[in-house]
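Work through the exercises below with the structure open beside you. Try each task before reading its solution.

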Amino acid sequence: MSTVNSIEVENLRRVFTRRAPRKLPWRRNGGGKGNGPGTTGSNNGGNNRPKTTVAVDGISFGIQSGEIFGLLGPNGAGKTTTIKILCTLVNPTSGTARVAGYDIVREPAKVRGSMGTVFSGERSLYWKLTGRENLEYFAALYNVEPSKTASRIDSLLCKMDLEAKANELVERYSTGMRQRLAIARALLANPPVVLLDEPTAGLDPQSARNLRDTVRSLRDEGHTILLTTHYMAEADELCDRIAIIDHGRIIALDTPATLKAGLQEMHSLEVEVDRAPDGVLDELRSLPLVRGVESYASDNGLETWTIRVLTEDSRQTLDALLDLLRASGDRVLNMKANEPTLEDVFIALTGKSLRD
Ligand SMILES: Nc1ncnc2c1ncn2[C@@H]1O[C@H](COP(=O)(O)OP(=O)(O)OP(=O)(O)O)[C@@H](O)[C@H]1O
Ligand SMILES: [Mg+2]
């Protein structure tokens, strides 16, 4: 890995102003939902003022050439907006960024020529064309030299394991195949930088694993990769470095190992109970050695709930937690202690879970 930064982001900020909700006959009170996080203006109470959202709130980072860098954060954190700014689809409100040395505002064409971008739920493929026809069309669009187009397409179809399906219509492709074709499209002009927005969203576990292998092989061939994800395990496994982003701000940035090492004194407790444990959570949070608490419906198909506690003293906290649950009449079905994960890093930093 060289030390040259392929992407440099400095104090980037983007504020969206949404127009006032339309007056539709079935909206008696002007419409619009409550304010989300980062929302400043308001449209509640029937007034029709536009509202503003700070999607990206002054972020800075550098991505070294040949690195897989992950933006990890919950829904609405500002991940896609950051990618859209870097690929020149959205202008920043303030701040600067350079991709492969080119300024995203002053040299957008050169920036676009240095990168390939894939958004999740890819809609930029033509479903009525075959995989190969799609790549031929985009190769012409991206000015790939005609004499090299055929061999480039063959090698990309091979690399993305799509040779057998090259002559099938994209509408017959699986989600994973479409995602691989979209990556092949992004690589046509062999750009040094590749941006991937939620590359494994919607894929089954096996396809997601294959896609992560593909991303690693792109890095090994020398591409610099910026990807977004809200899967902690994926960021942990795949990324050389991670920026954890929440409400448009970077709250931690380091290698996965260093982020987790920061929690070495911490223990993570998981207790499964028979109903939503709302009554005990606030009391649990106020215990002196507890650094974070979250609860969520267990993903075991049963109607049970999991309480997850990050604590500096698992024994003392477990005693207190069991007392609290007993007093409130919640039944404990299962419990275990875990090594801290990236999810715990997020809980320690924000006091809440990535699932919220
Ligand atoms: N074009 C837009 N107009 C108004 N608000 C927007 C626009 N695009 C994004 N936002 C808002 O900016 C915030 C950040 O959105 P963004 O799509 O960047 O989040 P994200 O981290 O990619 O989330 P997700 O994990 O759901 O994809 C959200 O509150 C979103 O509603
Ligand atoms: Mg997104």
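A residue counts as buried if 20 or more other C-beta atoms lie within 10 Å of its own, as exposed if 12 or fewer do, and as partly exposed in between. Keep in mind that this is a predicted model.

**Exercise 1. Apply the cut-offs**

Task: Decide whether I104, T88 and H247 are buried, partly exposed or exposed.

Solution. 
Step 1. Take I104. This residue has 24 other C-beta atoms within 10 Å, so I104 is buried.
Step 2. Take T88. T88 has 20 C-beta neighbours inside 10 Å and therefore counts as buried.
Step 3. Take H247. Here there are 18 C-beta neighbours inside 10 Å, so H247 counts as partly exposed.
Step 4. Turn to the whole chain. Of its 356 residues, 37% are buried.

**Exercise 2. Trace the nonpolar core**

Task: Which residues of the largest nonpolar core touch the most other members, and where does this core lie relative to the two domains?

Solution. 
Step 1. In soluble globular proteins, nonpolar side chains tend to be buried together.
Step 2. The largest nonpolar core has 81 residues, and L86, V99, A184, L195 and I225 touch the most other members.
Step 3. Find the main contributor. Helix α5 (residues 175-187) supplies the largest share, 6 residues.
Step 4. Compare with the domains. Domain 1 (64-84 + 100-259) and domain 2 (265-339) both give residues to this core, so the core lies between them.
Step 5. The C-alpha centres of domain 1 and domain 2 are 38 Å apart. The C-alpha atoms of the chain fill a box of roughly 75 × 50 × 40 Å along the principal axes.

**Exercise 3. Read the strand pairing**

Task: Give the strand order of the open sheet of 4 strands, then describe how β9 is paired.

Solution. 
Step 1. Count the elements. The chain has 11 helices and 14 strands.
Step 2. Order the open sheet. Its 4 strands run β2-β1-β4-β5, with antiparallel pairing.
Step 3. Find the edges. β2 and β5 each have a single partner strand, so one side of each is left without a neighbour in the sheet.
Step 4. Examine one pair. β1 and β2 are antiparallel and joined by 11 bridges. T17 has T52 in β2 as its bridge partner.
Step 5. Move to β9 (residues 241-246). 5 bridges join β9 to β10 (residues 249-254) in antiparallel fashion. A243 stands opposite L253, and I242 has D254 as its bridge partner.
Step 6. Find the parallel partner. 4 bridges join β3 (residues 68-72) to β9, and these two strands run parallel. L72 stands opposite I244.
Step 7. In β9, 5 of the 6 residues are buried.

**Exercise 4. Inspect positive phi values**

Task: What are the phi values of T88 and H247, and in which loops do these residues lie?

Solution. 
Step 1. Most residues other than glycine have a negative phi.
Step 2. Take T88. Its phi is positive, near 70 degrees. T88 lies in the loop between α1 and β4 (94-99).
Step 3. Take H247. Its phi is also positive, near 50 degrees. H247 lies in the loop between β9 and β10.
Step 4. Describe the turn. β9 and β10 form a hairpin with 2 residues between them, and H247 is in that turn.

**Exercise 5. Describe the ligand shell**

Task: How many residues surround ligand 1, and which element gives the most to the shell?

Solution. 
Step 1. Count the shell. 14 residues surround ligand 1, and the closest are F16, A55, K79, T80 and T81.
Step 2. Assign elements. β1 (5-18), β2 (51-64) and α1 (79-86) each give two or more residues.
Step 3. α1 gives the most, with 3 residues.
Step 4. Sort by class. The shell has 3 nonpolar, 9 polar and 2 charged residues.

Note on methods:
Residues numbered from 1 in each chain as written. Chains lettered and ligands numbered in written order. Predicted model: local features only at pLDDT ≥ 70, side-chain atom pairs only at ≥ 80, totals over all residues. Domains from an automatic or database assignment. Near = placed C-beta within 6 Å. Nonpolar A, V, L, I, M, F, W, Y, C, P; charged D, E, K, R; others polar. Core = buried A, V, L, I, M, F, W, Y, C linked by C-beta atoms within 7 Å. Pairing = 2+ DSSP bridges.
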